[in-house]
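Please open the model in a viewer and keep the selection panel at hand.

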There are 2 protein chains.
Amino acid sequence: MLSRYLPILEWGRTYNRSVLTNDLMAAVIVTIMLIPQSLAYALLAGLPPVVGLYASIMPLVFYAILGTSRTLAVGPVAVVSLMTASAAGAVAAQGTAQYLEAAITLAMLSGVMLAVLGILRAGFLANLLSHPVISGFITASGILIATSQLKHILGVSAGGDNWPDMLGSLAQAIGDTNWWTLAIGVPVTLFLFWVRRGAKPALMMLGLPSRVADMTAKAGPVVAVALTILAVISFGLADKGVNLVGAIPQGLPPFALPSADLSLIEKLWVPALLISIIGFVESVSVAQTLAAKRRQRIIPDQELIGLGAANIASAFSGGYPVTGGFARSAVNFDAGAETPAAGAFTAVGIGLATLFLTPLLFSLPIATLAATIIVAVLSLVDLKTPAELWRYSKADFAAHIATIVITLLAGVELGVISGVGVGLALYLWRASRPHAAIVGRVPETEHFRNVERHKVITIPHVLSIRVDEALTYLNARWLEGYVLEQIADRPAVRHVILMCSAINEIDASGLESLEAINHRLADTGIGLHLSEVKGPVMDRLKRTHFIEELNGKVFLSQDRAFSELARDSGDPVLPADHHQTRGMI
Amino acid sequence: MLSRYLPILEWGRTYNRSVLTNDLMAAVIVTIMLIPQSLAYALLAGLPPVVGLYASIMPLVFYAILGTSRTLAVGPVAVVSLMTASAAGAVAAQGTAQYLEAAITLAMLSGVMLAVLGILRAGFLANLLSHPVISGFITASGILIATSQLKHILGVSAGGDNWPDMLGSLAQAIGDTNWWTLAIGVPVTLFLFWVRRGAKPALMMLGLPSRVADMTAKAGPVVAVALTILAVISFGLADKGVNLVGAIPQGLPPFALPSADLSLIEKLWVPALLISIIGFVESVSVAQTLAAKRRQRIIPDQELIGLGAANIASAFSGGYPVTGGFARSAVNFDAGAETPAAGAFTAVGIGLATLFLTPLLFSLPIATLAATIIVAVLSLVDLKTPAELWRYSKADFAAHIATIVITLLAGVELGVISGVGVGLALYLWRASRPHAAIVGRVPETEHFRNVERHKVITIPHVLSIRVDEALTYLNARWLEGYVLEQIADRPAVRHVILMCSAINEIDASGLESLEAINHRLADTGIGLHLSEVKGPVMDRLKRTHFIEELNGKVFLSQDRAFSELARDSGDPVLPADHHQTRGMI
């Protein structure tokens with residue numbers, strides 16, 4: 001029971017030396033990868049580089065204790081950093097103490113929200129983000145992030161919250177390009193692109209085994225960091241207008257009480273909620289993918305608690321919102337991490353780096369970090385999905401494109417909200433106009449099929465309708481209209497059979513519509529019959545007066561209903577019949 | 001085509017003398033009923049009485065031209081009047097010119113919104129209000145309205161937007177009760193309650209035919225009006241602190257351009273939207289009920305246009321938001337109205353009253369109007385529904401009670417919004433955890449049923465899963481978890497059959513989950529098979545690579561799938577099998 005809420009109790013029990021070795025090995029590799037990445041994402045979030053390191057220490061420890069994924073690596077990620085920049089930028093200017101306070105408050109709010117959702121077991125809320133909306137949002141975020149970093153490659157100042165503004169601002173500033181910065185930024189970008197694609201094969205040609213080649217290639221950004229620091233020092237680029245990371249405070253993250261400024265919380269709770277949901281969805285998808293590969297399980301509601309604790313820990317140690325990242329988790333997994341302890345060891349690694357390595361990073365060009373970000377996020381841009389969605393589902397395509405366009409034009413927050421809104425509206429629209437068919441008997445069988453798709457037998461005085469959807473309030477009004485229109489078009493009809501094989505639920509509104517249909521058909525002398533009602537649906541109907549008041553019968557199979565009613569002479573089924581038929585149910 | 005948008009062209013073509021007589025007759029009866037009602041509802045909306053009359057003239061004419069219901073009677077109604085008072089009261093004080101301007105702006109905004117929704121054919125949005133939410137809202141509104149009128153019966157000043165405030169304010173003011181006002185209010189209320197229940201039988205005992213007795217009883221409020229005016233004049237109650245209607249401006253409604261004050265529109269658009277939706281839902285329900293009785297049809301999207309035009313007309317003639325009312329439409333129907341012309345004739349009747357009758361109403365006590373309102377709205381309070389809902393569906397019960405409680409405590413706007421929110425959240429929650437069952441074969445048949453409900457045959461290496469819900473983004477994540485958990489619990493399983501008989505749709509997220517399940521099962525040597533896939537669902541799946549990549553087969557029937565896979569020796573179905581099985585599909 002306790003290990004349900006403290007997964008560490010489960011895996012900790014069987015922890016041994018061989019697992020320890022594997023976890024330590026993975027931690028070393030992830031630490032090397034994380035140092036430049038943490039600095040880069042802090043830059044993307046508009047925060048001092050050290051905040052990125054702070055966000056990669058305590059959150060990892062807390063996730064290791066409370067998270068259910070064995071291999072998820074938590075920390076700053078690209079999309080959440082962009083959302084943090086957007087939310088904090090709306091309440092303060094970058095570089096001010098208020099801006100940092102806003103970022104920390106976002107981590108606090110997001111942590112509390114995630115934990116509360118987890119305790120309430122409300123993880124299902126993340127379902128509101130459909131795959132097409134998520135992939136549209138990630139594509140658009142990738143484009144926004146890459147564009148936002150171009151100014152660092154050019155060595156100019158530019159701004160903008162949305163794509164047109166960013167491009168306009170860049171176009172105005174392009175005349176001020178610092179050529180030394182560009183001379184670092186462009187080669188580094190090209191190098192990192194090559195590392196991503198070509199480094200592993202090249203290393204394997206040099207004789208390295210596949211797995212080692214893979215891990216070595218992952219250290220590409222570290223090589224770029226080292227080389228560009230050397231270049232800055234060798235050529236004295238600091239005096240030539242190349243922006244550098246500069247002094248990073250040495251030491252472990254400070255313990256800090258996050259602000260409890262109510263007016264700030266009022267301004268930030270909506271973006272914090274969006275950050276929570278996006279972060280949770282990204283994290284859970286990664287965790288599920290990795291867990292399935294080793295036939296492990298994750299518990300989404302406990303993941304909420306783990307991520308919530310990680311974010312609260314981030315806020316208390318001067319960090320900003322974190323979540324489980326795809327790239328780092330994959331590296332952790334591939335490097336052989338077996339338990340969340342690998343994450344805790346990574347935290348130790350980053351802690352040591354914060355204590356001892358930061359002076360070495362003084363001369364690191366910002367352009368190098370920007371190149372790291374650009375190369376990382378461009379892999380998020382997915383150009384195949386739109387065509388696939390167009391072929392498969394126009395509604396999903398619409399939600400996908402709307403999310404991309406609105407995110408690019410109006411920024412990340414409106415992008416997510418309208419993606420959810422469009423997805424929900426399309427879903428409700430479809431649910432409010434379900435598929436229904438008039439069915440007839442396939443000759444010589446007991447099967448009933450759509451009269452428009454198959455050659456089937458029908459009888460003028462018996463109308464069989466199959467509704468392919470639960471009867472809920474979303475389509476209750478539609479149902480009444482549909483049945484009554486079918487009757488209005490067929491004056492010979494004496495019996496209506498509602499074939500319920502695909503009706504998985506009938507809510508109170510659906511029941512009321514059925515009652516209304518029953519009364520109206522009874523008024524005009526038509527019987528209403530049900531066939532193939534599912535067990536749980538029938539159980540609930542029996543708790544009401546509907547079955548008693550039904551001006552017709554309930555049949556176990558559509559075939560029996562059709563056969564019996566077909567024999568009916570065609571005499572009108574008047575409401576008087578009512579009591580007679582009632583007894584037969 | 002044109003008559004689709006101008007229904008008057010259809011019924012106008014066959015208009016003749018007998019129809020004219022019936023319509024005129026109905027119009028006279030409705031006019032007599034409407035005069036006190038219009039004054040009372042204007043009072044409820046916090047507006048001068050004459051505004052209620054204005055709102056009962058031009059809107060009726062425009063609805064007669066554009067509406068599709070033959071018998072719907074449009075005008076001020078109780079719930080919409082309460083909502084108007086709440087919205088206008090939030091921006092101005094009652095009795096000021098700004099308050100009236102706000103009410104007129106609400107009519108304008110609501111009219112434009114309804115018309116735009118109609119042109120976009122977006123009537124389905126009204127589906128967001130489930131029956132339990134609507135009935136909860138109406139019950140709570142009835143209680144709020146009745147309570148708000150008690151001050152007029154007592155002859156005191158009191159306020160409050162929500163129930164506790166209203167009661168508190170009344171309790172404070174009760175000491176100031178004007179006994180003369182009470183002496184009018186209480187007997188009139190009792191008289192009107194008696195009229196509603198006992199007048200018809202009493203009149204029939206006096207020898208009147210049933211229908212005439214019914215219509216005469218409907219004139220009860222007019223009798224109360226006449227008698228209390230006489231009482232005021234006879235006893236000189238005007239000098240004894242009894243509040244009277246006072247001078248009503250004589251003359252036809254003024255033509256007026258509604259305000260285009262943007263800051264006002266910004267404040268009022270949300271309440272205007274809620275008024276539109278509530279008004280539309282009430283109106284369409286009434287229209288559908290009446291249309292069904294005569295086997296006529298209404299077209300909801302065209303109703304939006306008709307009601308939109310009615311509200312715009314109301315705004316241009318100094319009125320406030322209107323909609324189709326239940327009581328007046330029922331009277332219109334029972335009095336024999338055959339076409340919307342009856343509504344236009346009613347408009348003429350009210351116009352004549354505005355021209356000539358208003359001086360007679362000078363001495364009408366406000367208490368009489370308050371009594372009319374109380375008696376009308378208490379019939380809206382429905383105390384049986386909660387118990388019925390509790391028995392049938394806890395989720396619907398929760399939405400119903402939440403709507404009642406929030407409406408009483410926080411007012412009509414938050415009440416509607418949270419009703420929609422709770423309904424939607426519960427719906428999405430259910431949709432995200434659909435019913436699924438492991439099924440087995442009923443002995444000696446081809447039927448497959450839930451293993452937990454029936455004694456059925458299963459085979460350890462074949463797992464048949466039936467999901468009773470469309471596979472959409474709301475449950476895509478659930479589906480992956482569910483299938484993989486079932487597998488994790490059953491190490492012997494070699495084949496999974498997904499029985500798709502109740503899967504009415506698979507959206508892009510659902511497809512992605514199926515792909516993920518397929519890959520994960522393939523990784524562990526398990527085959528994934530589909531059975532009984534519906535025609536439209538299969539058509540769309542064929543447009544993707546899913547069927548090609550399926551590590552198993554698609555079977556027409558569950559029975560065939562089960563029989564064939566049962567014969568499988570139990571050798572692992574390795575991904576290598578893949579190409580072999582693919583050819584068999």
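Select chain A: its secondary structure comprises 26 helices and eight strands, where helices (H or I, at least four residues) and strands (E, at least two) are DSSP runs numbered from the N terminus. This is a predicted model, in which local features need pLDDT of at least 70 and side-chain atom pairs count only at pLDDT 80 or more, while totals for chains, interfaces and linings use all residues. Residues are numbered from 1 along each chain as its sequence is written, and chains are lettered from A and ligands numbered from 1 in the order in which they are written.

Next, select the six strands that form an open, mixed sheet in the order 4-3-5-6-7-8 in chain A; two strands pair if DSSP finds at least two bridges between them. Strand 4 (448–450) and strand 8 (554–555) of chain A are at the edges with a single partner strand each, so one side of each has no neighbour in the sheet.

Within the sheet, select strand 5 (residues 462–467) and strand 6 (residues 495–499) of chain A, which pair in the parallel sense over five bridges. Here Ile465(A) lies opposite Leu498(A) of strand 6.

Now select the interface. Chain A contributes 45 residues to the contact and chain B 45 residues; residues are in contact if their C-beta atoms, placed from the backbone, lie within 7 Å. On the chain A side, the helices that each supply at least two residues include helix 8 (131–154), helix 13 (262–293) and helix 20 (412–432).

How values were computed. Contact = placed C-beta atoms within 7 Å.
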